[in-house]
Amino acid sequence: QVQLVESGGGSVQPGGSLRLSCAASGSVRSINVMDWYRQAPGKERELVAAINSGGSRNYADSVKGRFTISRDSAKGTAYLQMNSLKPEDTAVYYCHALMMYGPGYWGQGTQVTVSS
């Protein structure tokens with residue numbers, strides 16, 4: 001059982017930066033992968049970035065070189081540093097945790113809006 005709470009979303013101009021946080025509670029020592037998804041209006045939810053317990057990272061091509069995912073496994077906290085933001089980054093961003101040999105859990109989402 002894990003609970004996830006996202007924070008750090010907001011409105012920013014193109015080229016700006018935001019840092020999202022995901023605070024996990026519960027069985028945080030059993031989390032294998034933490035990742036970030038996003039869903040824009042009229043589009044399917046897509047994987048943005050993932051990091052496993054060994055520190056290996058994967059990114060969607062659309063954010064590679066601009067976004068950085070990190071985590072503090074002991075605290076169960078994940079972060080998404082977003083730089084050089086573009087209007088097409090506008091979406092609700094969701095934190096997700098995949099447990100070791102268990103289910104996945106979702107946060108409630110946080111809105112990111114990039115507009116001029």
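**Aromatic pairs**

I looked for ring pairs and found two aromatic pairs in the structure. For Phe, Tyr and Trp (its six-membered ring), I count a pair if the centres lie within 6.5 Å; planes under 30 degrees apart are stacked, over 60 edge-to-face, and the rest tilted.

A note on the source: this is a predicted model, where local features need pLDDT of at least 70 and side-chain atom pairs pLDDT 80 or more, while totals for chains, interfaces and linings use all residues. Residues are numbered from 1 along each chain as its sequence is written, and side-chain values use heavy atoms, leaving out hydrogens and water.

I checked Tyr-37 and Trp-106: their ring centres are 4.9 Å apart and their planes at 65 degrees, so this pair is edge-to-face. It links Tyr-37 in strand β4 with Trp-106 in strand β10 (residues 104–106), 69 residues apart. Strands here are DSSP runs (E, at least two residues), numbered from the N terminus.

Next I took Tyr-94 and Trp-106, with centres 6.4 Å apart and planes at 90 degrees, so they are edge-to-face too. Tyr-94 lies in strand β9, twelve residues from Trp-106. I noted that Tyr-37, Tyr-94 and Trp-106 form one aromatic cluster.

Is Tyr-94 buried or exposed? Tyr-94 is buried, at 15% relative accessible area, whereas Trp-106 is partly exposed at 40%. The cut-offs are under 20% for buried, over 50% for exposed and in between for partly exposed (1.4 Å probe, protein chains only).

**Charges over rings**

I found the charged end of Arg-45 over the ring of Trp-106, 4.7 Å from its centre. Likewise, the charged end of Arg-19 sits over the Tyr-79 ring, 4.3 Å from the centre. This needs NZ of Lys or CZ of Arg within 6 Å of the ring centre and within 35 degrees of the ring normal.

**Disulfide**

I looked up the cysteines and found one disulfide (sulfur atoms within 2.5 Å). Cys-22 and Cys-95 form it, with their sulfur atoms 2.0 Å apart. Cys-22 is in strand β3 and Cys-95 in strand β9, so the pair ties together parts 73 residues apart in sequence. The link is left-handed, with -80 degrees about the S-S bond. Cys-22 is buried at 0% relative accessible area, and Cys-95 is buried at 0%.

**Asp-89**

I found Asp-89 in the loop between β8 and β9. Asp-89 is buried, with a relative accessible area of 0%. Beyond neighbours within four places in sequence, its contacts (heavy atoms within 4.5 Å) include Arg-38, Arg-66 and Ser-84.

Methods. Helices (H or I, at least four residues) and strands (E, at least two) are DSSP runs, numbered from the N terminus.
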